[in-house]
Amino acid sequence: MVRYERDPDGEYWVLRPNWRVLLPILFFLVASVYLSAVFIRYWLDRYYYGCEATELSDMFVCVIPNRIPVINYVFLPNYLNNIVMDARARQTKKMSAMLRNDPRTINDLLVAAHLAPENLDLQFQAAYYFISPDWLSLPETGFTVLDATLPRIIAKGDALNDLTRYVQFCFQYDQDIRIIHAAEAYLDDPRLNNETRSAFAISYAEALFLRGELEKACAVLEKYKLTDTLAGFLLRTRIFWENGEQERAILLLKHFITNSIDGRERLLYALATCQREIGRTAEAVQSIEQITALNPTEPRPRLFLLSLLDEINDTARRNALIEDYVTRFGSDESAMLALSSYAADKGNVPLQERLNKHALDNNFSNLANFRLLIIETLINAGSHAKALTQIAELFQSKPTWLQRNESIRTQFEAIRMFAYFSSGQADLGAISFKEFIKNRIKLPMMIATARSLLKLNRTNEAKELLLQAYKRNHQNQSILLELIKIDLKSKNTETLGEYLTSFLKSRRPPRHVLREAYEHLGSDRYLFTPNRDELLEKMDSLLRSRSYPITEIEKSWPVPSSAPPPITPIPIQPL
């Protein structure tokens, strides 16, 4: 490969390469490395990763280097570089499709999403796994993935479905501020069609409403002419209601129910909810009865009606409605399970036993839940001895559904804990609580369990559970609300300021919650609460009513004689 030669002057011997020998060897080495890289890459993608669509011809191009590492400088001519990049893109899509269609692990889906950023379905799946507290619980990473989809969604123009998915993600995880930022950036983008823009604007106004920006939400509804749409109208009535103009909101709802054809069910639901909240339960019953007449095949309004009849103590109508409900929906397992939950809440043991027998006779698939609801009913009815007997029977027999189904097992442990605490067996209840919190509990169940513990005056256990939930989601309003209630009741000023600060940064709290917190914090007992003055000022601002102008159509409406003039705007008054 090398040889000695004399230099031109003939004085020294020098070492020179023998190119005739060296060039073939170098060519052989380069070809060997290149072909090895081709076949190794092909073997990895085709057999190790299992991508059957891999083609050997693409591998010959994919392995060609096209840029200098570190400085990232492309040294190939453009046309050659494009050939290499196209081959790599084809292989990337094949790998992404393989991982998407046959994912062995969550990591496969995340890799597939990384390999195919243009595939919005994959991006949403990846975002879900990152965000969900039941999976990876990395919300910031998940929303970074989600936010990266926005430019691609907007570029589609006709992107209503994808934009709706984005908005639902944000609403579900209390990320309204992201919707606000996205709308400010893209709402007026000319690439959006009218349908997509209207839906986006409604979501924008909803996010503003949830964050307490009532005036701005109204302005968005007016700007995009959404007040004549069902969603826009309902949001406007909620704004009036939250502003303290309850009579005006009710009058608006009654007017539209009388004069509209579409969406009457949603309007009647909204009206019944408003009537119930201000104590007009009898009127709420009439509104829900209209819904049952409009849609006799839907069980949900009948369950709502049952709770309203309980509030006005109309036992005869309630019993008749239960009989009608069982007759109409006896073969619908989910409807019967919903009625069973109602019976458990009310501690109605005869009804619950009847429903459990009905479930057995009809061979329902969800018998485990019916069995657990019997125990819960006995606890709520005060029959603690019977409840504990049934719990002991289940614990000893250890049925398959209790051992294999983690969700059912968690519910069982919660019910057992409630039974011990309700019957005064605090030591056994504390042991059951320790067993319960070892499970992977979803946030809604943690909040519901904490509320039940508070009803049993088990404040320490409830707070421990809520603190675990708070670590998983610092912005969940329900968690913060329960922690604030505990601190107010126990007069704990150390953490009250922290929870109130987070609470006021989350969605706009209901007026009655704000009022209660304002009154407590304003007393001398909480004089040394951190950030007290700032918190009081913020709550004072949120509690002030705003004046909204009366629209032309409202001026023509008759005012019922039984009520004060409802459309007079409420002036801003200091507390």
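1. Buried means under 20% relative accessible area, exposed over 50%, and partly exposed in between, with a 1.4 Å probe and protein chains only. Because its relative accessibility is 48%, Leu 29 counts as partly exposed; Leu 29 belongs to helix 1, residues 19–48, where helices are DSSP runs of H or I of at least four residues, numbered from the N terminus.

2. This is a predicted model, in which local features need pLDDT of at least 70 and side-chain atom pairs count only at pLDDT 80 or more, while totals for chains, interfaces and linings use all residues. Residues are numbered from 1 along each chain as its sequence is written, and side-chain values use heavy atoms, with hydrogens and water left out.

3. Turning to helix 18, its 13 residues (349–361) should span 18 Å at 1.5 Å a residue, and its end C-alpha atoms are 18 Å apart, which agrees; the expected span is 1.5 Å times one less than the number of residues.

4. Val 349, Leu 351, Gln 352, Leu 355, Asn 356 and Ala 359 are the buried residues of helix 18. They lie on the same side of the helix because they cover an arc of only 160° around the axis, the arc being that of the directions from the helix axis to the C-beta atoms. These buried residues pack against helix 16 (315–329), helix 17 (333–346) and helix 19 (367–380), contact meaning heavy atoms within 4.5 Å.

5. On the other side of helix 18, Pro 350, Lys 357 and Asp 361 are exposed. Pro 350 counts as exposed because its relative accessibility is 59%, and its C-alpha is 9.7 Å from that of Thr 377, 27 residues apart in sequence.

Terms used: Helix = DSSP H or I, 4+ residues; strand = E, 2+ residues; numbered from the N terminus.
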